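Here are my notes for you to read beside the model. Keep the 3D view open and turn it as you go.

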Amino acid sequence: MSKDIVRYDPDKRLSDMVEYDGTLYLAGQVGEDVKVGIKEQTESILRQIDKLLARGGSDKTKIVSAVVYVSDMRLKPKMDEAWLAWMDSKSAPARACVEARLGSADTLVEIMCVAIK
Amino acid sequence: MSKDIVRYDPDKRLSDMVEYDGTLYLAGQVGEDVKVGIKEQTESILRQIDKLLARGGSDKTKIVSAVVYVSDMRLKPKMDEAWLAWMDSKSAPARACVEARLGSADTLVEIMCVAIK
Amino acid sequence: MSKDIVRYDPDKRLSDMVEYDGTLYLAGQVGEDVKVGIKEQTESILRQIDKLLARGGSDKTKIVSAVVYVSDMRLKPKMDEAWLAWMDSKSAPARACVEARLGSADTLVEIMCVAIK
């Protein structure tokens with residue numbers, strides 16, 4: 001396990017994921033298509049998280065912490081539908097879900113998490 | 001100190017606390033009774049954090065980082081009253097406090113923190 | 001590298017930075033003068049982050065994760081101007097940027113980050 005900082009898909013503004021000493025810090029992920037509903041946006045985000053974690057040699061059972069930002073708290077149940085369908089039932093992370101306006105008016109959900117390799 | 005991921009009170013959606021390699025990641029905690037004021041809700045949250053940290057072999061002097069979400073920034077001073085009464089004066093964590101609507105309209109404060117064993 | 005928790009500028013409420021085992025947890029930083037625009041506030045924050053990281057034996061190329069809170073998402077491009085001018089182009093952290101009302105009505109941006117020594 002490297003003691004170097006490893007960056008995945010770095011651009012000038014942010015990296016999609018940063019690894020250090022076995023911990024993976026993921027950037028806030030948003031859905032690829034923000035014209036769809038929050039459940040579909042969440043599903044898109046979770047697929048992206050799966051892909052990023054796989055590249056880091058980890059998977060969703062090793063997420064330790066997550067913050068879910070929803071643009072409207074009334075939409076949380078639909079986000080949670082996608083979350084529950086995806087989440088391994090024995091390895092859910094510490095999580096908070098709060099309301100925040102996001103990068104665009106159509107962005108209904110954004111998830112930022114920390115995982116272990 | 002275990003190199004396994006240990007989950008406290010896991011349910012399908014989230015775990016109340018996740019431990020890895022001596023770091024404790026706590027889920028966002030909200031007051032047990034959200035019909036009371038923000039000071040009382042904060043006191044309830046801090047008691048829950050005390051209990052969780054004790055179960056992980058830690059305590060409030062070992063919190064390294066905390067994010068406090070308040071539903072209305074005008075209520076922050078009342079949250080801080082409870083925080084200051086609780087916090088050990090020499091071991092305050094790095095903290096941010098921002099406004100966010102929370103899980104229910106009556107939920108006035110939520111605190112998410114990271115601690116060391 | 002110390003396995004003790006080291007606190008920088010602790011007061012009763014929070015510490016500006018907390019170090020443990022080579023990881024630096026920074027408190028949410030706000031601009032020193034909140035009567036200026038968001039770009040200037042961001043520049044002030046980034047100078048403070050530089051100073052804190054230097055005291056911890058680190059620098060901006062070792063930030064692994066950052067959350068940027070902006071008081072109005074329409075101001076994000078101006079925050080990003082300051083961010084991009086400051087950020088080392090090969091070492092950007094995992095980042096999320098969300099909207100949240102902050103400690104005062106004039107506080108337009110707050111940044112909380114985690115770095116490695």
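Predicted model: local features only at pLDDT ≥ 70, side-chain atom pairs only at ≥ 80, totals over all residues.

The points below go from confidence, to the single chain, to how the copies meet.

1. For chain A, the mean pLDDT is 96, with 98% of the residues at 70 or more.

2. Now trace one chain from end to end. Chain A has 2 helices and 7 strands. Along the sequence, the order runs β-β-β-β-α-β-α-β-β. The radius of gyration of chain A is 14 Å, close to the 13 Å that the globule rule gives for 117 residues, so the chain is as compact as a globular protein of that length.

3. Next, look at the outline and the inside. Along the principal axes, the C-alpha atoms of chain A fill a box of roughly 40 × 35 × 20 Å. How much of the chain is buried? Buried residues account for 50% of the 117 residues in chain A.

4. What share of the contacts in chain A join residues at least 24 apart, if you count those between residues at least 6 apart in sequence? That share is 72%.

5. On to the symmetry. Turn chain B by 120°, with a shift of 0.0 Å along the axis, and it can be laid on chain C with an RMSD of 0.0 Å. That is how copies are related by a three-fold axis. If you want to find the axis on screen, look for B:Ala100: of the residues of chain B, its C-alpha comes closest to the rotation axis, at 3.6 Å.

6. Have a look at where chains B and C touch. Chain B puts 21 residues into this contact and chain C puts in 22. On the chain B side, strand 5 (63–70), helix 2 (76–86) and strand 6 (94–99) each supply at least two residues. Strand 6 of chain B gives the largest share of that side, with 6 residues. By type, the residues on the chain B side that touches chain C are 13 nonpolar, 3 polar and 5 charged.

7. One last thing to think through: why do the copies meet through different surfaces? Compare the interface residues of the two chains: only 5% of those in chain B are also interface residues in chain C, so the surfaces through which the copies meet are different.

Conventions: Residues numbered from 1 in each chain as written. Chains lettered and ligands numbered in written order. pLDDT = per-residue confidence, 0-100. Least-squares fit on C-alpha atoms with pLDDT ≥ 70 in both. Contact = placed C-beta atoms within 7 Å. Helix = DSSP H or I, 4+ residues; strand = E, 2+ residues; numbered from the N terminus. Rg over C-alpha atoms; globule rule 2.2 N^0.38 Å. Buried ≥ 20, exposed ≤ 12 C-beta atoms within 10 Å, placed from the backbone. Nonpolar A, V, L, I, M, F, W, Y, C, P; charged D, E, K, R; others polar.
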